[in-house]
Amino acid sequence: WTLSRVEFVFDRSPETGDVRDITTDIKWLRLPLPFLLNHINVWLLRDGEGWALVDTGLFTHTTREVWAYVLEHHLNNEPITRVLVTHLHPDHVGCAGWMTEKFGVDLWMSREEYLLCRVLVADTGKPAPPEGIRFYSRAGFAAESMERYAEHFGAFGRVVSPLPEAYCRLQDSMTVRIGEHDWQVIVGRGHSPEHACLYCPELNLLISGDQILPTISSNVSVYPTEPAANPLANWFDSLHRLQRILPEDVLVLPAHGEPFTGAPVRMQQLVAEHEQGLVKLKKICAEPRRALDVFPALFKSRITDKNLIMATGEAVSHLNFLLEQKELSRHTDDNGVNWYQACQ
């Protein structure tokens with residue numbers, strides 16, 4: 001049988017601080033985020049006498065207050081047995097170090113995510129590096145935007161508690177036993193370096209993190225640390241691989257939005273969305289363009305100071321993809337700015 005559309009399976013999502021049962025062994029908690037994207041879903045899996053936690057929310061006073069309430073009123077003070085993190089972004093890893101220290105338990109992450117997170121937390125309080133200044137200058141940043149980048153550099157560690165000095169490594173295709181169920185690790189790339197999804201064939205459930213979201217596409221960006229990276233190629237490869245692995249009727253538990261079925265359809269939509277962006281990008285680059293000039297080809301919403309860094313990273317990821325496909329050329333002018341033009 002074939003699912004022809006994305007379908008949401010619950011009539012409501014939990015309010016902040018509320019918990020909803022997915023099954024008797026799996027709970028859904030929604031934590032607040034102070035962004036346009038105002039929530040993250042985290043998942044509690046029955047693990048013996050306590051609960052394994054998948055993702056943690058930002059390390060803020062508000063989040064810690066919600067956790068205190070949930071632990072007392074919804075988990076009856078049963079312990080957290082371990083903390084699993086899908087990837088290194090602050091809304092997922094923020095409370096991980098605090099939670100593992102509080103309960104004296106292990107952190108489970110993939111190696112690339114764990115190590116890069118440690119590096120980014122260590123950047124807190126440091127000045128913006130020359131490589132970062134060069135990267136955004138080449139994208140076309142004006143002086144005011146560059147000052148804002150420098151001012152906010154190192155903000156990652158302000159909402160991420162320091163990680164423990166040791167961790168348990170999640171690897172692609174490994175099986176993790178949590179309570180009465182086996183979960184297979186499926187690594188996806190593009191949104192982050194080594195994003196760990198968790199799939200339970202017995203329950204036909206996928207905890208997808210940000211790798212598959214029901215209504216928005218995850219950010220796929222290039223960063224100053226690896227300016228020639230091609231994460232969009234990794235993103236396409238990962239989506240195609242997930243299509244081959246997952247059954248059509250799997251229930252997806254995403255980090256943002258509502259649990260849904262129709263994963264193959266959703267992955268096709270995600271691929272098509274980026275492919276359409278690439279077509280528009282080639283068209284707009286009929287004349288030489290900077291990374292900042294190509295936003296209309298890729299984004300429907302207005303780009304402001306708040307989302308300029310993410311938009312720039314995503315624009316460069318699409319430009320790098322087309323450069324590797326030999327569909328664009330690039331030259332750097334006397335001011336150090338990169339200009340891209342479609343190949344004839």
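This is a predicted model: local features need pLDDT of at least 70, side-chain atom pairs count only at pLDDT 80 or more; totals for chains, interfaces and linings use all residues.
Biologist: Why is leucine 37 called partly exposed?

Modeller: Its relative accessibility is 32%. Buried means under 20% and exposed over 50%, so leucine 37, at 32%, counts as partly exposed.

Biologist: What makes Phe35, Leu37 and Ile216 a patch?

Modeller: Members of a patch need over 30% relative accessible area, and nonpolar side chains are joined within 5 Å. Phe35, Leu37 and Ile216 form such a nonpolar patch on the surface, with about 260 Å² of accessible area together. Leucine 37 itself lies in the loop between strand 3 and strand 4.

Biologist: What makes a set of residues a nonpolar core?

Modeller: The residues must be buried, of nonpolar kinds such as Leu and Ile, and joined through side-chain atoms within 4.5 Å. The largest such core has 48 residues, of which Leu206, Ile212, Leu246, Leu319 and Leu328 touch the most other members. Helix 10 gives the largest share, eight residues. Apart from this core lies another, of 33 residues, including Val66 and Met99.

Biologist: Which residues beyond its sequence neighbours does leucine 319 contact?

Modeller: Leaving aside neighbours within four places in sequence, leucine 319 is in contact with Leu281, Cys285, Ala291, Val294, Leu328 and Tyr340.

Biologist: How do you know that strand 9 and strand 10 pair?

Modeller: Pairing requires at least two bridges. Four bridges join strand 9 to strand 10, and the two run antiparallel; therefore they meet the requirement of at least two. In one of these strands, strand 10, glutamine 184 is the bridge partner of threonine 175. The two strands form a hairpin with two residues between them.

Note on methods
Residues are numbered from 1 along each chain as its sequence is written. Side-chain values use heavy atoms; hydrogens and water are left out. Buried means under 20% relative accessible area, exposed over 50%, partly exposed in between (1.4 Å probe, protein chains only). Contact means heavy atoms within 4.5 Å. Patches are made of residues with over 30% relative accessible area and no salt bridge: like charges are joined within 9 Å, nonpolar side chains (Val, Leu, Ile, Met, Phe, Trp, Tyr) within 5 Å. Accessible areas come from the Shrake-Rupley method with a 1.4 Å probe; for residues, only the protein chains shown count as cover. A salt bridge is a side-chain nitrogen of Lys or Arg within 4 Å of a carboxyl oxygen of Asp or Glu.
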